[in-house]
Amino acid sequence: MTNPGQALARTIVGIIGNVISFGLFISPAPTFKRIWEKKTTEEFHPYPYLLCVLNCAFWVFYGLPVVHPDSTLVITINGIGLALELIYLTIFSIYTGNKYRKIIVAMLVGEAALVGIIATITILCFHTHTTRSNFVGGICVGAGILMYGSPLSILKKVVVTKSVEFLPFWLCLAGFANGIVWFIYANLKTFDLFIAIGNGVGAVLGFVQLSVYFYYKLCGKPAVQDDAKPTGEVQLQTSVASLPV
């Protein structure tokens with residue numbers, strides 16, 4: 001029997017998670033303001049955005065009633081994230097060269113086909129919510145793990161330079177909080193293994209980022225202010241690590 005208190009707590013925690021996750025999804029905005037103003041994508045790459053699209057699409061499908069009932073908040077935040085990432089990629093495509101434009105189109109078509117294939121297999125081959133949730137949830141966690149390595153290049157830069165100039169504190173903190181909140185959400189009312197795994201990893205990675213930040217903040221070199229520094233890309237790579245669910 002469902003505990004009404006846990007159901008209410010799950011809803012409240014889910015709403016908080018949506019707010020934090022929205023902040024992470026909107027964090028690449030400075031990158032696209034820069035691209036829009038300069039009319040060029042400079043040295044930025046589209047791959048993290050493309051991975052975000054795939055991740056969000058899988059989680060939206062996971063949250064549908066035919067797969068995993070009672071997951072409205074999972075659908076809402078990942079639906080918003082999916083829309084934002086597609087907007088980012090549209091802007092990127094306008095101002096990038098033919099090479100990346102072709103890559104973006106090809107990967108989006110491939111991702112749409114992949115999601116369609118997974119959806120077809122799910123509906124035709126699995127006939128209970130449990131089996132569908134297990135199948136799609138496992139794929140969602142796998143897609144998320146593909147993105148968890150994204151911030152490693154930033155951490156490597158911090159270690160090599162012994163400076164936290166390229167590691168934004170508030171975004172690291174938000175990523176850590178995002179993982180914790182969604183991990184708690186996964187344990188309320190009914191345990192959701194896949195949301196717990198995905199965000200548990202995100203929380204651990206966020207803790208690692210914060211630990212590295214504080215270590216080099218206290219023991220490393222002072223940050224050098226540089227207006228030309230591509231902070232938007234740094235923010236994107238960091239936020240990808242702890243995407244909601």
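How many salt bridges does the structure hold, and which residues are linked in a network of salt bridges?

A: This is a predicted model, in which local features need pLDDT of at least 70 and side-chain atom pairs count only at pLDDT 80 or more, while totals for chains, interfaces and linings use all residues. Residues are numbered from 1 along each chain as its sequence is written, and side-chain values use heavy atoms, with hydrogens and water left out.

The structure holds 4 salt bridges. A salt bridge here is a side-chain nitrogen of Lys or Arg within 4 Å of a carboxyl oxygen of Asp or Glu. Side chains of opposite charge can pair when their charged atoms come close.

The network is made up of Arg 34, Lys 38 and Glu 42. Glu 42 forms a salt bridge with Arg 34, where the closest N and O atoms are 2.5 Å apart. Glu 42 also forms a salt bridge with Lys 38, with 3.7 Å between the closest N and O atoms.

Burial is described by relative accessible area: buried means under 20%, exposed over 50%, and partly exposed in between, with a 1.4 Å probe and protein chains only. Arg 34 counts as buried because its relative accessibility is 18%. Glu 42 has a relative accessible area of 35%, so it is partly exposed. Lys 38, at 47% relative accessibility, therefore counts as partly exposed.

Glu 42 can also be placed against a residue elsewhere in the chain. The C-alpha atoms of Glu 42 and Gly 97 are separated by 10.0 Å, and the two residues are 55 apart along the chain. Gly 97 is found in the loop between H4 and helix H5 (98–125). Helices are DSSP runs (H or I, at least four residues), numbered from the N terminus. Gly 97 counts as partly exposed because its relative accessibility is 39%.

Another salt bridge joins Arg 10 and Asp 70, whose closest N and O atoms are 3.8 Å apart. This pair links distant parts of the chain: Arg 10 is in helix H1 (residues 4–26), and Asp 70 is in the loop between H3 and H4, 60 residues apart. Arg 10 has a relative accessible area of 4%, so it is buried. Asp 70 counts as partly exposed because its relative accessibility is 45%.

Definitions and conventions. Helix = DSSP H or I, 4+ residues; strand = E, 2+ residues; numbered from the N terminus.
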